[in-house]
Amino acid sequence: MPAVNSNPLTVAVVGATGVVGATMIRMLLERGFPVGQLRLLASPRSAGHRIDVAGTDHVVAEATPNAFEGVDIALFSAGGDTSKALAPEATARGATVIDNSSAWRMDPAVPLVVSQVNPDDLEWHEGIVANPNCSTMQLAPVLMALRDAVGLERVVVDTYQAVSGTGTKAIRELQAQVEAHVARRPLEASVYPHPIAFNALPQVDVFLDNGYTKEEWKVVTESRKILHLPDLRISSTAVRIPVFVAHSEAVHVETTRPISPDRARTLFAAVPGVVVQDDPATSTYPLATTAADTDEIYVGRVRQDPSIDGGRGLAFWVVSDNLRKGAATNAVQLAEILVERGWIRAAAARNAAGTRA
Ligand SMILES: NC(=O)c1ccc[n+]([C@@H]2O[C@H](COP(=O)([O-])OP(=O)(O)OC[C@H]3O[C@@H](n4cnc5c(N)ncnc54)[C@H](OP(=O)(O)O)[C@@H]3O)[C@@H](O)[C@H]2O)c1
């Protein structure tokens with residue numbers, strides 16, 4: 001990815017001590033984002049901690065309203081409560097927030113954007129841009145290809161999600177349970193309601209009144225918003241599995257017009273950032289272990305679903321790194337688009353400046 005051509009910007013990473021925050025810092029460096037000054041922010045617990053960034057020592061500061069003075073772009077990944085409290089403080093000080101929590105995603109005044117699906121929605125941001133949930137993120141570009149070519153009628157997606165999606169504590173919990181198993185000690189669970197090692201938990205996040213979990217409902221509502229399909233029929237079951245990094249998804253789609261698996265593979269491969277890995281003869285299909293630490297979304301096991309009439313049913317398997325494309329990479333890609341298109345400042349401020357000019 002070529003470096004974005006811009007004057008150096010002051011960039012804040014809120015939640016810099018977390019797994020997503022750490023990945024955001026890596027992505028800013030790897031992608032050559034024009035960072036002039038980097039501010040690493042976290043809770044009071046981490047204030048004063050030091051983080052080495054490309055050989056330079058950075059001191060973590062507490063995320064307070066005044067920490068956003070002079071910030072151009074603030075990448076938030078510190079939970080919904082922190083985003084609710086501090087994103088408006090950041091925008092009031094002129095920063096544009098790219099928020100990784102669920103706090104603002106379904107706010108009609110906030111664009112919810114996957115870089116290769118709906119980048120034009122960034123144009124109308126008023127200071128806050130929402131980064132989608134990781135499960136939705138890897139699904140939307142693939143669904144976009146079908147929406148544009150043959151229309152989408154109904155989607156059923158079942159997820160197999162890595163523990164890193166829950167954060168640092170869950171990574172440690174899986175590791176500790178594996179070690180306890182090997183040492184023949186009892187498995188202790190505190191992050192999840194049951195042991196995650198050697199298990200599959202059909203609960204990701206809390207349950208809602210409709211019987212779905214919050215994670216499942218995010219896939220439903222966020223997909224509709226990103227794809228601009230408010231009436232899309234979509235259902236999901238989200239399952240946590242003992243994988244450290246990369247979410248997998250089994251997807252069943254009913255399209256409006258017929259589509260063959262071959263055509264679907266061609267359409268998927270044409271989406272930027274999507275890679276088709278599909279050769280049953282050699283047991284080639286997307287795997288969490290090979291997707292981890294990459295930015296691509298991998299699709300395979302593409303086949304006709306014979307339970308749908310008229311060749312309008314497809315089934316496939318989608319895998320992507322939840323920390324990279326599912327969180328940090330997309331956030332940095334959105335920042336790159338804001339810079340490239342001159343949309344860093346809020347739309348009203350840009351328009352006012354344009355009117356005065
Ligand atoms: N993990 C994923 O795959 C993923 C994907 C998409 C979105 N997200 C979202 O990203 C956010 C962070 O997730 P994570 O996985 O990185 O979690 P994590 O590893 O537990 O890290 C949480 C981060 O938030 C900071 N934080 C907590 N309370 C804070 C406060 N009151 N003020 C300022 N900072 C605070 C923590 O700072 P301290 O170290 O000081 O406690 C830490 O830096 C969550 O909103 C999550 O929903 C995660």
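1. Basis of the values. The model is predicted, so that local features need pLDDT of at least 70 and side-chain atom pairs count only at pLDDT 80 or more, while totals for chains, interfaces and linings use all residues. Residues are numbered from 1 along each chain as its sequence is written, and side-chain values use heavy atoms, with hydrogens and water left out.

2. Strands 9, 11 and 14. Strand 11 (residues 247-255) pairs in the antiparallel sense with strand 9 over eight bridges, and with strand 14, also antiparallel, over eight bridges; strands are DSSP runs of E with at least two residues, numbered from the N terminus, and two of them pair if DSSP finds at least two bridges between them. Thr-159 has Glu-249 of strand 11 as its bridge partner, and Ser-248 has Val-319 of strand 14. Of the nine residues of strand 11, eight are buried, where buried means under 20% relative accessible area, exposed over 50% and partly exposed in between, with a 1.4 Å probe and protein chains only.

3. Aromatic pairs. The whole structure holds four aromatic pairs, counted for rings of Phe, Tyr and Trp (its six-membered ring) with centres within 6.5 Å, and called stacked with planes under 30 degrees apart, edge-to-face over 60 and tilted for the rest. Tyr-160 and Trp-317 form an edge-to-face pair, because their centres are 5.2 Å apart and their planes stand at 65 degrees. This pair joins strand 9 (residues 152-161) to strand 14 (residues 313-320), with the two residues 157 apart in the chain. Tyr-160 is partly exposed, at 32% relative accessibility.

4. Ligand site. The ligand is surrounded by 25 residues, the closest being Thr-17, Ser-43, Ser-46, Ser-164 and Thr-168, where a residue counts if one of its heavy atoms lies within 4 Å. Ligand oxygen atoms lie 3.0 Å from a backbone N or O atom of Gly-18, 2.9 Å from a polar backbone atom of Val-20 and 3.0 Å from a side-chain N or O atom of Asn-322. Of the 900 Å² of accessible area that the ligand has on its own, the protein covers 77%, by the Shrake-Rupley method with a 1.4 Å probe.

5. Asp-278. Asp-278 lies in the loop between strand 12 (274-276) and helix 7 (288-291), and with a relative accessible area of 19% this residue is buried. A polar side-chain atom of Asp-278 is 3.1 Å from the backbone nitrogen of Arg-301, and one lies 3.0 Å from the backbone nitrogen of Val-302.

Terms used
Helix = DSSP H or I, 4+ residues; strand = E, 2+ residues; numbered from the N terminus. Polar contact = N/O pair within 3.5 Å; in protein donor to acceptor, adjacent residues only side chain to side chain.
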